[in-house]
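Colleague: I am new to this one. Can we go through the terms and see what each rests on?

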Amino acid sequence: MELIRAADELARTTESWRADGSEVGLVPTMGSLHEGHVSLIRRARDETARVVVTIFVNPAQFAPGEDLAIYPRDEERDLEVCTRLGVDVVWAPSEAEVYPLGMALPEPDPGPIGETFEGAARPGHLRGVLKVVHRLFDVTGPCRAYFGEKDAQQLFLVRRLVEQMGLPATIVPCPTVRELDGLACSSRNARLGPEERDQAGCLFLALSEAAARARAGETDAAILVAAMAREIGATPLARLDYAAVVDDTFEPIARIDVPARAIVAARFPSARLIDNLRLPEATG
């Protein structure tokens with residue numbers, strides 16, 4: 001495995017791969033790799049000839065006062081994981097390589113969706129995500145890019161970005177990987193204390209209740225939202241940020257008469273967690 005720091009070196013490397021007829025798989029991360037990242041890397045390894053993992057804690061997607069300074073970082077361990085999984089290149093650039101001084105980079109507008117849910121809770125977050133993703137695609141060049149469904153709103157906006165701007169990337173959505181109690185794998189889970197960790201499963205419990213009600217025939221989204229809010233609200237260390245039911249364009253819906261997804265976010269003393277679940281169709 002090769003560790004690359006410079007943007008131009010990564011661009012030359014991936015271009016040489018494509019010149020040899022090799023398809024490039026890209027797995028963008030902020031490091032502190034967990035089983036969710038591992039699943040993305042394995043899929044990229046299975047589906048493409050060459051795999052790039054990027055490790056960059058993107059300051060542009062952190063709102064003022066958020067956890068940028070204390071976001072988990074362990075490059076040495078991350079490199080060991082990537083080596084074990086057969087990654088070809090890790091791009092671990094400095095901020096100056098991603099956002100060079102004097103270079104005018106595109107700043108895609110997430111639009112109204114970028115002001116809702118994660119965008120409302122974390123002002124500027126989704127705009128910062130699109131900015132860094134555009135830059136990663138620009139440096140890497142044509143590729144298959146692997147994103148987890150846990151960050152469903154981000155995934156929707158990235159797919160729309162590629163479509164609207166005609167970027168040479170194929171977005172591959174990958175299922176959320178969960179721990180035994182259903183908690184979605186996240187780098188921020190490492191910051192939870194033992195009691196917080198015990199209670200963090202409330203997000204998945206809330207989503208599961210919404211899914212069970214939908215499967216049983218409930219179509220009133222407000223009833224599902226109330227059930228999710230009660231589950232998280234009854235958890236002592238959790239403070240509900242939002243609970244909603246949305247369609248595939250991340251617009252809130254009143255009735256489940258189209259494909260729908262339940263989404264939740266909650267704040268614990270040590271970390272803020274998000275999760276979502278596709279709602280099943282009614283049975284019987």
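Modeller: Start with pairing. Two strands pair if DSSP finds at least two bridges between them. Keep in mind that this is a predicted model.

Colleague: What makes strand 7 and strand 8 a pair?

Modeller: Seven bridges join strand 7 to strand 8, residues 261-267. The cut-off is at least two bridges, so the two strands count as paired. They run antiparallel. One place to look is Tyr 242, which stands opposite Ala 265 in strand 8.

Colleague: What is the strand order in the open sheet of three strands?

Modeller: The order is 7-8-9, and the pairing is antiparallel.

Colleague: Why is one side of strand 7 and of strand 9 left without a neighbour in the sheet?

Modeller: Strand 7 (239-246) and strand 9 (272-278) each have a single partner strand, so they stand at the edges. Direction ignored, neighbouring strands of this sheet are turned by 10° against each other on average.

Colleague: Which strands does helix 9 lie across?

Modeller: Helix 9, residues 202-215, lies across strand 8 and strand 9. Its angle to strand 9 is about 20°. Helix 10, residues 221-233, lies across strand 7 and strand 8. Helix 10 runs at about 155° to strand 7.

Colleague: Why is Gln 153 called buried?

Modeller: Gln 153 has 4% relative accessibility. Buried means under 20%, so Gln 153 counts as buried. This residue lies in helix 7, residues 152-165.

Colleague: What does the side chain of Gln 153 reach at 2.9 Å?

Modeller: The side chain of Gln 153 reaches the backbone oxygen of Thr 116. The limit for a polar contact is 3.5 Å, so 2.9 Å falls within it. Leaving aside neighbours within four places in sequence, Gln 153 is also in contact with other residues, including Phe 117, Leu 126 and Phe 250.

Colleague: Where does the largest share of the lining of the second largest pocket come from?

Modeller: Helix 7 gives the largest share, four residues. Lining residues of this pocket include Glu 149, Arg 159, Phe 250 and Arg 278. Its volume is about 200 Å³.

Colleague: How do you know that strand 2 is mostly covered?

Modeller: Six of its six residues, 24-29, are buried. Val 24, Leu 26 and Pro 28 point one way, Gly 25, Val 27 and Thr 29 the other way, and all are buried.

Colleague: What joins strand 2 to strand 3?

Modeller: Six bridges do, and the two strands run parallel. Pairing needs at least two bridges, so strand 2 and strand 3 pair. Gly 25 stands opposite Val 51 in strand 3.

Note on methods: Residues numbered from 1 in each chain as written. Predicted model: local features only at pLDDT ≥ 70, side-chain atom pairs only at ≥ 80, totals over all residues. Heavy atoms only, no water. Axes fitted to C-alpha atoms, helices over the stretch in contact; angles between N-to-C directions. Contact = heavy atoms within 4.5 Å. Buried < 20%, exposed > 50% of the residue type's maximum accessible area, 1.4 Å probe, protein only. Polar contact = N/O pair within 3.5 Å; in protein donor to acceptor, adjacent residues only side chain to side chain. 1 Å grid on protein atoms, 1.4 Å probe; cavity = no way out; pocket = protein on both sides within 12 Å on 5 of 7 lines; lining within 4 Å. Points joined across faces, edges and corners; volume = space filled by probe spheres on them.
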